[in-house]
Amino acid sequence: MMVALPAGQHFLRGEDGYEAARRATVWNGRVPPRYPDVIVQARDSEDVATALRYAGADGLRVTVCSGGRSWHANHLRDSGLLLDVGRLDHCAIDADRMTAVVGPGKEGSALAAELDSEGLFFPTGHCTGVALGGYLLQGGYGWNSRRLGPACESVLAVDVVTADGRHLHCDAEHHPDLYWAARGSGPGFCGVVTAFHLALHPRPAVCAAGLYVYPIEVLDEVFTWARRIGAKVDRRVEMQLVVSRTVPDIGLDQPAVVVVAPVFADTEDEAFKALALLDTCPVVTQALVRAPYVPKTLATLYEEVMSNCPAGYRYATDNMWSSASAADLLPGIRRAIDTMPPYPAQLQLVNWGAVPSRPDMAFSLEDDVFLTLYSSWQDPADDDKYADWARSNMVAMEPLASGTQLADENLGQRPARFAADTAMARLDSVRAAYDPHGRFQAWMGRL
Ligand SMILES: Cc1cc2nc3c(=O)[nH]c(=O)nc-3n(C[C@H](O)[C@H](O)[C@H](O)COP(=O)(O)OP(=O)(O)OC[C@H]3O[C@@H](n4cnc5c(N)ncnc54)[C@H](O)[C@@H]3O)c2cc1C
C-alpha cells in the first residue's frame, strides 16, 4: 500500500531541513547522535494518522515528541519515523465547567498564565516551555502537586491515534486500559496523544515561598532536620533542598544548601502558618539568608526556576525515589557534592511524601523524597568530565532507592523501576493489545 506523507512537513534523512527538524526536537544543548529515517511535523490528528499508516506500510518503528524536554531525548532513535506533534498546541478552556482540552504541544507555563487570568489553576511543570505531552504522560510533578497530585491525576480523558491509525477517545468508560496507561507510562505509551481533557482547579488566592540559604558546612544538620520533619510538612508546601557550588541568584560565590519552599494557600495567614515549620531548623541562626515568608506570583516562581535552568546548556540527569533516612543518604549525597560540576549543576532533594491512595493509573511508584542530580555544562569538550556524574552517583546510591521517577529519567544508561510490578505487567499487556506489531518504541531501558 502506498501512503503519502503530508507535503512540506516531512524530512527524509539527508534532505535539506532534516537536521534543523531533528535538532528542533531537543531542548537539551546535547543533541544525541541518533538519526531517524524520517521526521514528520504533524499539524493535526489527521497528519498523525497518515504518518502512522505510512510507518505501518513501510515497517518503520515510531517515536513521538511534543516539546522535546526529555532530558535524554528518548524520542531520538536510529532509523524509523519520528513524529513531532509540537504544533498540536490548541487550548480550549471552559471556565464554567472547570475543564480544558489541550494539545500535547501546549506549554504548561502558557496554560498556567491563561488559567491564572480566569481564576483557575492546573499543576503545570516548574519550568517554562515544558510541553504537556510528555509531562502528563510521565506523571507530572507540578506546582502544588503535593496537594493536587501528579498532574496526570487531573487528566479526565485523552484523544489517541493508535498504531493502525484509529482515532480513539479514551476515558474511564471508553478504552479504559489506554486511559489508565496514559496516566504514568511516560515514554512507553502505545499511541499518540493528540489531546488531553483536563480537570482544572480553583486558583489558590495566595502564593508565597520560604527561602533559607545555609553554608555547606551545616549540610548534615540541614538534611537530617529536613528528613525528620518531612512527613509533617503541610501538603501545600513544596519543600526542596538544593545544593550547588555557587548561588548566583543571591550573589553567593561558595557552595550552599538552599531550602526553598513555595506554598499555595487560600489566605496569607494559612500560607504563613504552613511555612512556619521551616524556621525550626536547629542551625537556622547560621543561615546566610533567612526569609520565612516572601510573597510570590506564579510568574515570579517560573522566572526564579528558569534562572537555574538556562537554555543552551548541555544536561544529564538521573534520580531516585527513596524513603531512606538522612544518615543513610548523606554519604552518597556528600560524594555527589564533592564531585559536582560547577553551577548550574545541582543536587535536589524534593520532599514529596507518598499518598496511600491514588486513582488506579500507570503512575504507581512514589516515595517520601526524590533525589535528582542535574549535571549541566556548556563546552562539548567537557562531556567526558561531566556527563556521567548524575548516573554514576545514582548507581552508588541504588541500594537506597525504591525506584526512579520518569520526569528526570536516565533509563537508557541506568535501567530502574518506575512503576509497581503489577502496573508494569498491565502496561505490557495494554501495549500488546493496542500495538500488537510493536510499532511504537518504548522506554530506552527498564527492569
Ligand atoms: C527544563 C526542564 C524542566 C522540567 N521540569 C519538570 C517539572 O517541573 N516537572 C516534571 O514532572 N517534569 C519536568 N521536566 C521533565 C519533563 O516533564 C519530561 O521530560 C517530559 O517528557 C517533557 O515533555 P515533552 O513533551 O517536552 O517531552 P518530549 O521530549 O517531547 O517527549 C518525551 C517522551 O514522551 C512521549 N511523548 C511525548 N509526547 C507524546 C504524545 N503526544 N503522544 C505519545 N507519546 C508522547 C514520547 O515517548 C517521548 O519520547 C522538565 C524537563 C526539562 C528539560
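Over the face of which residue does Arg183 lie, and at what distance from the ring centre? Arg183 lies over Tyr179, 3.7 Å from the centre of the ring. The model is predicted.

**Aromatic rings and charges**
- There are 18 aromatic pairs in the structure.
- One cluster, linked by ring pairs, is made up of Tyr141, Trp321, Trp352, Phe363 and Phe370.
- Besides the Arg183 and Tyr179 arrangement, Arg431 has its charged end over the ring of Trp443, at 5.8 Å from the ring's centre.

**Ligand surroundings**
- The ligand has 31 residues around it, and those that come nearest are Ser66, Gly68, Arg69, Asn74 and His126.
- Tyr141, a member of the ring cluster, also places a backbone N or O atom 2.8 Å from an oxygen atom of the ligand.
- For Tyr135, a backbone N or O atom is 3.2 Å from a ligand oxygen atom.
- Gln138 contributes through its side chain, where an N or O atom lies 2.9 Å from an oxygen atom of the ligand.

**Five-stranded sheet**
- Five strands in the order E5-E6-E10-E8-E9 form an open sheet with antiparallel pairing.
- E5 (91-94) and E9 (167-170) are the edge strands; each has a single partner strand, so one side of each is left without a neighbour in the sheet.
- On average, and with direction ignored, neighbouring strands of this sheet are turned by 10 degrees against each other.
- E5 and E6 (residues 99-102) run antiparallel and are joined by four bridges; Asp94 stands opposite Thr99 in E6.
- Helix H3 (residues 108-116) packs on this sheet, where it touches E5, E6 and E10 (192-199), and the direction of H3 makes about 30 degrees with that of E5.

**Seven-stranded sheet**
- A second open sheet, also with antiparallel pairing, has seven strands in the order E15-E12-E14-E13-E17-E18-E16.
- Its edges are E15 (289-295) and E16 (314-322), each of which pairs on one side only.
- Here neighbouring strands are turned by 15 degrees against each other on average, direction ignored.
- Strands E12 (residues 206-215) and E14 (residues 256-265) run antiparallel with 10 bridges between them, and Val206 stands opposite Ala265 in E14.
- Helix H10 (residues 326-338) lies across E13 (240-244), E16, E17 (346-351) and E18 (369-377), at about 150 degrees to E17.
- Helix H12 (residues 389-397) lies across E16, E17 and E18, and runs at about 150 degrees to E18.

Technical notes. Residues numbered from 1 in each chain as written. Predicted model: local features only at pLDDT ≥ 70, side-chain atom pairs only at ≥ 80, totals over all residues. Heavy atoms only, no water. Phe/Tyr/Trp six-rings, centres within 6.5 Å; stacked < 30°, edge-to-face > 60°. Lys NZ or Arg CZ within 6 Å of the ring centre and 35° of its normal. Pairing = 2+ DSSP bridges. Helix = DSSP H or I, 4+ residues; strand = E, 2+ residues; numbered from the N terminus. Axes fitted to C-alpha atoms, helices over the stretch in contact; angles between N-to-C directions. Contact = heavy atoms within 4.5 Å. Near = heavy atom within 4 Å. Polar contact = N/O pair within 3.5 Å; in protein donor to acceptor, adjacent residues only side chain to side chain.
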